[in-house]
Every structure is written in structure tokens, then in C-alpha cells.
Amino acid sequence: MNRVLAHTGAKYPIVQAPMGWIARFELASAVSKAGGLGIIETSSGETEACKTEIMKMIELGLPFGVNLPIMFLRDDAMLKFVCTSGVKFVTTSAGSPAKFVAPLKDAGITVYHAVPTVDAAVKCAEAGIDGLVVEGAEGGGFKNPEEVSTLVLLQAIRDRVDVPIIAAGGICDGRGMAAAFALGAEAVQMGTRFVSSAESPVHRNYKQKIVDAKETGTYVLNKKSTPCIRALKSQHMDAIYEEGRMPADVFKSIKDVYFGGDMEAAPALAGQTSGLIHDIRSAKEIVDGMVAEFFSIASRMGGLGAAHNFG
Ligand SMILES: Cc1cc2nc3c(=O)[nH]c(=O)nc-3n(C[C@H](O)[C@H](O)[C@H](O)COP(=O)(O)O)c2cc1C
């Protein structure tokens, strides 16, 4: 039995990543309707708007989750709301989940925490977390400056903890999903693939820039300060890369990127899978395509195993 499916109630072990302003009802409902797991963000800090999005998902009646990015929560209003609103699945990220595990679990909520290292994974398991989102360096968004690829990180964490793992970073199709499962994951989470999906609310320029990017089309920026991020290359990001550090207010015009299509206004967060994404597809096309490709690869590998033959 796949433990992530048991925990979430989703049909397929494919999770849409939380992404500030982007991971709202329009995208999350499309993913959940396709049989994956939509997640509603709260990292935008727009508490009232996020509460409305969560209520819309509850009314939809399909499995979904909510992300609580610990460092970005100004107070416990969102935690309290999540604990009392009927949410069943939460991912926590960006900080220690220690204080969040007990209230969430007391409310009957399953909790996974996003980790970039083995040490963090072991601490979470000891704190009673239900599962982990294991985020490798290939992914878009806020990163651990000590970069470890998803390939290595999954194995290193699987060796040390028994809780279910959702693999994130560098996955955008059934091939990546099959690889993650081979390394011990029971589900995958994707940000970059879903930012560039048809139902993503971002401006077409952002989606097209992901489609046009090569596998070398992103930078890891601000490694010596915080937050360290992975974002698409642009003239603005070239300057930050050369400088080696990022101004504190670099995200102040982020909505001009997301909704105005000005790709120089702020960092456009995206991962290395930008080099593997060549078109804009609906959430259903993405999920159905992944499931078909995953099972095709699993059958081929199963055949090799049954024949004890490398092909
Ligand atoms: C535009 C964007 C915004 C993101 N915002 C968040 C966030 O608010 N909270 C969070 O836990 N992760 C966030 N992430 C990271 C994702 O959860 C996910 O781990 C990552 O996108 C996976 O790698 P991928 O981009 O290769 O799919 C973001 C990623 C992107 C691309």
C-alpha cells in the first residue's frame, strides 16, 4: 500500500507544490480533479485570501493539502484556521516544524515537513512527523545553499528514516517519478511543471520562459546569505549572480513577474526541469501523461528483474 496515497486520499501520488500566490484554487483544484494532490499556499502572507482559497477546496470535496511555511507566518492565525477548518493534510516548510506537529496532529491532520538534509529529516522523524517532502537542489524556490541533488538526497534520507517520502526537485514527468520511486519515494511533488501548466494563474511570459529555457537556464543565487533561491536567468539575475548577493527587497515587485509578465522585475523562481519542459499542458495532461509513462517504465524494469537481465 502506498502510504502517501493512504495519508492523502489522492488517486495518484503526484503533488502540486505550494507556491506563493500561484498555488491557489484555480491550479490546486485542477490538479486534485486530475487525481493528484493540489496544495494551497500561505507563503504569500495574504491570510484572508488564503483562507478563502482553502474553503473553496473544502467545498470542492476532493483531497488537497495546505502548506504552512513556518518562517513566513507572522502569527498563529493560519495555524488556528487550518486546525479548525476541516483540512486533513498539511506540509510545513522553511523552519523547524517542532511546535507545529502537536497542534496539527491533535486536530487530526497528517503532517509532512520539507527537508533539504539528512539531519533535518532525522530530527523531523524524531519529532513524530508523518512524512517528509525531500527537496533536492534541482528544484525551484528557496533552497539550502549546501546543494545536494535529489538523486543523492533521497537515498541518504531513505537509509536513515522509515517515514513516507514525497520527492521534490528535478521531477517533471514519468521518468523522474520512476527514478524517485526506485530511490525509495512514494510520491513526487512538482513546482516548475505546474507553474507552466495551463491552469497556473501566472502571466504567459513566465510560462514561456520556462518552456524556452535550457537545462542550464537557472541560477542558484544568494548562497552566502538568506534566502538562497533557484530562479530563471535574466539580466536582473545575471547582475545578482555576479554580485554574489541579493538585495533584501528583491521580491517587492514579484507580482509584476507573476501577473504582469515583466520577467526583469524580480526573481522568477523555477528549477532545472525548465530544460525538460517544452510545452504548456493542462494539469490533467500532465498527470495522465506521468502515470502512463511511470507504469510503462515500471513494466520495462519489472521485465528486466523477472528475466534477471540488463536488457
Ligand atoms: C515559483 C515557486 C514558488 C515556490 N514557493 C514555495 C512555497 O511557498 N513553499 C514551499 O514549501 N515551497 C515552495 N517552492 C518549492 C516547491 O515546493 C518545490 O519543492 C519545488 O518547486 C520542487 O522542484 P521543481 O521546481 O523542480 O518541481 C516554490 C517553487 C517554485 C518554482
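Ala125 touches Val161 and Val163, residues up to four places away in sequence being left out of the count. This alanine belongs to helix H6, which covers residues 118–126. Ala125 is partly exposed, because 19 other C-beta atoms lie within 10 Å, whereas a residue counts as buried if that number is 20 or more. Pro267 stands 142 residues from Ala125 in sequence, and the two are 33 Å apart in space, C-alpha to C-alpha. The model described here is predicted.

**Overall dimensions**

The protein chain contains 13 helices and 11 strands. Its C-alpha atoms fill a box of roughly 55 × 45 × 35 Å along the principal axes. For 311 residues, a compact globule would have a radius of gyration near 19 Å; the protein chain has 18 Å and therefore agrees with that expectation. Of the 311 residues in the protein chain, 47% are buried. Among contacts in the protein chain with a separation of 6 or more, 62% join residues 24 or more positions apart.

**Helix packing**

Helix H2 (residues 25–33) packs with helix H3 (residues 47–60) at an angle of about 25°, and their axes are 10 Å apart. H2 is therefore roughly parallel to H3, since angles under 35 degrees are classed in this way. The crossing of H2 and H3 is right-handed. On the H2 side, the meeting residues are Phe25, Ala28, Ser29 and Ser32; on the H3 side, they are Glu53, Lys56, Met57 and Leu60. Sorted by class, the contact of H2 with H3 comprises four nonpolar, two polar and two charged residues.

A further packing pair is formed by H8 and helix H13 (residues 283–307), at an angle of about 55° and with axes 7 Å apart. This angle makes H8 oblique to H13. The crossing of H8 and H13 is right-handed. H8 contributes Gly174, Arg175, Met177 and Ala178, while H13 contributes Gly289, Met290, Ala292, Glu293, Phe294, Ile297 and Ala298. The contact of H8 with H13 divides into seven nonpolar, two polar and two charged residues.

| Helix pair | Angle | Axis separation |
|---|---|---|
| H2 and H3 | about 25° | 10 Å |
| H8 and H13 | about 55° | 7 Å |

Phe194 lies in helix H9, residues 192–195. With 29 other C-beta atoms within 10 Å, Phe194 is buried. Leaving out residues up to four places away in sequence, Phe194 touches Gln16, Ala17, Leu27, Val31 and Ser200. Ala28 is 166 residues from Phe194 along the chain, with 9.6 Å between their C-alpha atoms. Ala28 is also one of the H2 residues that meet H3.

Gly184 is placed in the loop between helix H8 (174–182) and strand S9 (187–190). Gly184 has 16 C-beta neighbours inside 10 Å and so counts as partly exposed. Its contacts, again without residues up to four places away in sequence, are Leu154, Arg158 and Ile165. The C-alpha atoms of Gly184 and Leu154 are separated by 7.0 Å, although these residues are 30 apart along the chain.

**Backbone geometry**

Most residues other than glycine have a negative phi, and most peptide bonds are trans.

The peptide bond from Thr226 to Pro227 is cis, and its omega is near 0°. Pro227 sits in the loop between strand S10 (218–221) and strand S11 (228–232).

Ala94, a residue other than glycine, has a positive phi near 55°. Ala94 is located in the loop between strand S4 (89–93) and helix H5 (98–106). Because 18 other C-beta atoms lie within 10 Å, Ala94 is partly exposed.

His308 likewise is not a glycine and has a positive phi, of about 50°. His308 is found in the segment after H13. With 6 C-beta neighbours inside 10 Å, His308 counts as exposed, the limit for that class being 12 or fewer.

Conventions: Residues are numbered from 1 along each chain as its sequence is written. This is a predicted model: local features need pLDDT of at least 70, side-chain atom pairs count only at pLDDT 80 or more; totals for chains, interfaces and linings use all residues. Axes are lines fitted to C-alpha atoms, for helices over the stretch in contact, and angles run from 0 to 180 degrees between N-to-C directions. Helices (H or I, at least four residues) and strands (E, at least two) are DSSP runs, numbered from the N terminus. Angles under 35 degrees count as roughly parallel, over 145 as roughly antiparallel, 65 to 115 as roughly perpendicular and the rest as oblique. A crossing is left-handed if the near helix is turned anticlockwise from the far one by less than a right angle, and right-handed if clockwise. Two residues are in contact if their C-beta atoms, placed from the backbone, lie within 7 Å. Ala, Val, Leu, Ile, Met, Phe, Trp, Tyr, Cys and Pro count as nonpolar, Asp, Glu, Lys and Arg as charged, and the others, Gly among them, as polar. The radius of gyration is taken over C-alpha atoms; the globule rule is 2.2 Å times the number of residues to the power 0.38.
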